[in-house]
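Me: I have a new structure open and would like to go through it with you. Can we start with how the chains meet?

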Amino acid sequence: MIWQVVSRNGIGFDPFSELSRMNRSMDQLFGGYSSRSSAFPPVNVWGGENEAVVTAEIPGVDPKSLSLSVTGDILTIEGERKADEIGAENILHRCERNSGAFSRAVRLPYEIEGDTVKATSANGILRVTLARKESSKPRKIEVQAE
Amino acid sequence: MTNTNVEARKTENMRPAEETRNSPVFSPDTDIFETQDAIVVVADMPGVDDKHVDIQLENDVLTLTGRVSREAPKDMSLLYRGYSEGDYQRSFTLSEDIEREGIKARIKDGVLRITLPKARKNLPREIPVENG
């Protein structure tokens, strides 16, 4: 057993789990600056007392190709990002933009009234406004003094 | 939480000069391809409209700048952040001579597309070879 080095307190030391732990803490350290998430589209979720807003960066996605659905407290965003048609006679120098079909499910802070979802899209930013379901709102309970 | 086959990432610019606006500056993901008579630059700038984009060509350096207008929803708190908002800037050195008058740019759905026509003298020309 080469990898089983016993440390002073008697617990086995596994260099692989050490490495992945280090990797995780490095991600946390630099997470604010580079890639936070590799899922497309990246979303921000905002929540208020009775309404939630989800914004997503969808550059180059035709708003008509988007399909949104709400089930309970899950919003699903589906669509397709079309790639440029680059003819065989043309030379591609740099290719960083991604394309393809995507689907992303976002959990919201509460259940949503499905009929009142509003979605707008401008300049490659999707903005979905979702109203809280009446039955999920907190109910105030009066305490009766006896 | 997600399933997807498209990857998204944003790269923050490391810039020699500091910004006066307190917001990050990202390097937009860019495709560049060359057709027979033009160079086409396609850059992702979500949140930028036609009034807030600036394209400069100085000597052979092309610089794209996009300003994002931020609108945080009122009376709401941010529960999950998957992306940060900030401006975009990126420069490219062009290796071809460009016909400056013919440069065209448009922005649609947050994607900036610039067509830079090559200078006439650089266009490929067929040279007839005489038999003699």
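Me: How many residue pairs are in polar contact between chain B and chain A?
Reply: The count is 20 residue pairs, both residues at pLDDT 80 or more. Keep in mind that this is a predicted model.

Me: Which elements of chain B give two or more residues to that side?
Reply: They are β1 (2-4), β4 (30-34), β5 (38-44), β8 (77-81), β9 (87-93) and β11 (111-117) of chain B.

Me: And by class, what does the side of chain B that touches chain A have?
Reply: That side has 20 nonpolar, 12 polar and 15 charged residues.

Me: How many residues are in contact on each chain?
Reply: On chain B there are 47, and they are in contact with 53 residues of chain A.

Me: What about the area buried between them?
Reply: About 4,400 Å² is buried between chain B and chain A, and carbon and sulfur atoms give 52% of that area.

Me: How many salt bridges are there across the interface?
Reply: The rule finds five between chain B and chain A. Over all chains, the structure holds 14 salt bridges.

Me: Which residue of chain B does A:D84 form a salt bridge with?
Reply: A:D84 forms one with B:R113, and their closest N and O atoms are 2.6 Å apart. A:D84 sits in the loop between β6 (74-81) and β7 (91-95) of chain A, while B:R113 is in strand β11 of chain B. Another salt bridge joins the side chains of A:E96 and B:R90, at 2.7 Å from N to O.

Me: Why would such side chains pair at all?
Reply: Side chains of opposite charge can pair when their charged atoms come close.

Me: Switching to strands. In which sense do β3 of chain A and β8(B) pair, parallel or antiparallel?
Reply: Antiparallel, over four bridges, with β3 of chain A covering residues 43-47. Within that pairing, A:V45 has B:Y80 as its bridge partner.

Me: What do β5(A) and β6(A) form?
Reply: They form a hairpin with two residues between them, and A:G72 in the turn has a positive phi of about 60°. β5 (residues 67-71) of chain A pairs with β6(A) in the antiparallel sense over five bridges. A:S69 in chain A stands opposite A:T76 in β6(A).

Me: Last topic: what pLDDT does chain B average?
Reply: It averages 84, and 86% of the residues score at least 70.

Terms used
Residues are numbered from 1 along each chain as its sequence is written. Chains are lettered from A and ligands numbered from 1 in the order in which they are written. Side-chain values use heavy atoms; hydrogens and water are left out. Contact means heavy atoms within 4.5 Å. Buried area is the accessible area (1.4 Å probe) that two parts lose on being put together, summed over both. A salt bridge is a side-chain nitrogen of Lys or Arg within 4 Å of a carboxyl oxygen of Asp or Glu. A polar contact is a pair of N or O atoms within 3.5 Å; within protein, one must be able to donate a hydrogen and the other to accept it, and residues adjacent in sequence count only if both atoms are side-chain atoms. Ala, Val, Leu, Ile, Met, Phe, Trp, Tyr, Cys and Pro count as nonpolar, Asp, Glu, Lys and Arg as charged, and the others, Gly among them, as polar. Two strands pair if DSSP finds at least two bridges between them. pLDDT is the predictor's confidence in each residue, from 0 to 100.
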